[in-house]
Amino acid sequence: MRLRSVVRMMDIAVEVSGLSRGYRQKTVLDGVDLRVAVGETVGILGSNGAGKSTLVETIAGLRRPSQGSVRVLGLDPWRDRARVRGVLGVQLQEAELHSDLTVAENVRLHRSFYRDGERPEELIDRLGLAESARVRTQHLSGGQAQRLSVAVALVGRPRVVILDELTTGLDPEGRRDIWRLIEQMQERGATVLLVSHSMDEVERLCDRIVMLDEGRVAIEGTPAEIVNGTGADDLEDAFLRVRERASARRAS
Amino acid sequence: MTVAGYDIPRAARPGVRAWGQLVLAEMRSVIRDTAGLIIPIGMPSLLLITQGAAASQEILPGTDGRSVYEIYIMPLMLVMVVALVGVVNMPSFLAAYRRQGLLKRLAATPAHPSMVLAAQVVTSFAQTLVGVGLALGISAAMFGIVGPAALAATIGAFALVCAAMYALGMVVAAVSPTPNAAVALGLVSFFGIAAVGGMFGGAQNLPEPVAAFGRWLPYGAGVEVLQHAWVGEPISWQPVAALAAAVVIGTACAIRLFRWTR
């Protein structure tokens with residue numbers, strides 16, 4: 001476990017207890033428990049439809065829990081939406097920016113929503129977008145658009161950052177750039193929840209991993225604990241084994 | 001409040017700067033994607049010019065030289081334009097944002113629904129003002145309109161009509177999951193209030209109970225208020241109250257029912 005997690009282990013940034021959430025008769029989350037320490041980076045893995053996005057959207061206060069509770073830095077993200085959103089930085093799937101605005105205009109717009117935050121020009125420069133600052137969002141490449149997503153998520157200088165499948169669809173170079181950005185966030189002490197399908201990504205970036213299967217936590221621990229605990233060769237193998245065991249349990 | 005060593009700021013709504021930035025963002029988007037300007041800026045002139053050729057020749061006695069066009073057609077057309085833009089056109093943009101996920105992105109920030117709605121209304125209203133101003137200028141040049149007898153009352157009446165129509169449009173925008181749904185709901189609302197408000201042949205030709213009901217809705221009330229203000233006649237309290245009620249109820253419902261996602 002990394003030093004920054006040990007130092008602040010007693011401080012809980014995100015606490016999810018018995019969280020359930022359903023849509024039209026279908027249970028998407030079923031009694032999920034999760035604790036994320038301040039400064040920790042937790043990866044959320046799972047197959048498509050496992051409930052990963054619903055979990056992080058509920059933590060972000062965009063969805064109301066059917067049962068259970070969620071706390072972000074001690075606050076209920078649904079009831080204390082205004083306060084929680086002031087300390088959260090969120091990058092979600094299927095969430096676009098103004099396509100007719102430039103990179104700089106989008107960042108400045110989002111900066112205006114927060115009392116404190118980064119200087120837009122400095123942030124744009126830090127994220128390697130300086131040359132694209134005057135380019136409209138609709139003309140950005142996939143990697144540039146993802147960097148802008150990160151910029152917008154970070155511009156309010158958030159204490160807790162939620163990143164949902166940030167590197168999906170990026171080329172290797174783009175992924176590496178985004179990884180370096182996340183490492184910079186970690187160095188600054190941010191708590192990060194990272195939803196991903198990429199095993200090498202979570203292995204590199206995350207202190208702990210939570211694997212969801214059909215709305216339930218199937219296993220959690222450090223990457224090494226999960227690999228060793230499942231008797232797998234690597235994290236991908238462990239993921240598949242956990243899936244198989246969960247399917248077998250459901251079938252029996 | 002301090003949690004886990006972090007100072008958690010009190011709930012502070014974004015300030016004037018954020019409202020301004022959001023309006024500016026909308027204005028920029030509109031200017032850069034000019035297709036959206038056709039209805040609010042082009043339609044008022046089109047409607048007034050096509051209706052004005054014949055009706056502007058018929059001068060009504062005792063009206064200081066004002067024509068049928070100026071007293072009857074123009075107020076009706078102006079209310080129609082504002083209703084179409086406010087109730088049908090403006091909500092479709094917000095619904096498109098909802099479908100694209102732009103509202104979902106904003107939902108994760110401290111931005112409040114009222115900011116998003118207000119930015120849409122301000123931007124759309126600015127376009128309407130340009131469109132109506134252009135249409136009135138063309139009408140004056142082509143048909144020689146005399147102009148309102150009571151300018152302040154006419155401006156006030158027009159502002160109230162706009163506020164009422166946009167309030168209704170905000171409700172449509174708040175609840176429509178997709179642009180198609182927004183257009184469908186907007187058109188049903190538009191034709192509903194317009195039909196009982198006298199758009200098809202005048203309110204005087206409607207059955208009395210229907211006409212009385214229409215006077216309580218934004219279209220019928222809007223036409224009555226604008227016509228009276230234009231010729232300088234006293235305005236009854238009833239249509240003013242109807243428009244004010246539409247503003248208050250519509251705005252409150254829109255903020256309450258607003259959905260960030262589909």
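Mentor: A cavity is a set of points on a 1 Å grid over the protein atoms alone where a 1.4 Å probe fits but cannot get out; lining residues have an atom within 4 Å of a point. Grid points are joined across faces, edges and corners, and a volume is the space filled by probe spheres set on the points. This is a predicted model; local features need pLDDT of at least 70, side-chain atom pairs count only at pLDDT 80 or more, and totals for chains, interfaces and linings use all residues. Residues are numbered from 1 along each chain as written, chains are lettered from A and ligands numbered from 1 in the order written, and side-chain values use heavy atoms, without hydrogens and water.

There are two cavities of 30 Å³ or more. In chain B, H1 (16-32), H3 (68-100), H4 (102-107) and H5 (113-143) each supply at least two lining residues. H5(B) gives the most, three residues. By class, this lining has seven nonpolar, two polar and one charged. Ala, Val, Leu, Ile, Met, Phe, Trp, Tyr, Cys and Pro count as nonpolar, Asp, Glu, Lys and Arg as charged, the others, Gly among them, as polar.

The largest cavity holds about 50 Å³ of space. Among its lining residues are His110(A), Tyr114(A), Arg105(B) and Thr109(B). S5(A) gives the largest share of that lining, three residues. The lining has six nonpolar, three polar and one charged residues.

Methods
1 Å grid on protein atoms, 1.4 Å probe; cavity = no way out; pocket = protein on both sides within 12 Å on 5 of 7 lines; lining within 4 Å. Helix = DSSP H or I, 4+ residues; strand = E, 2+ residues; numbered from the N terminus.
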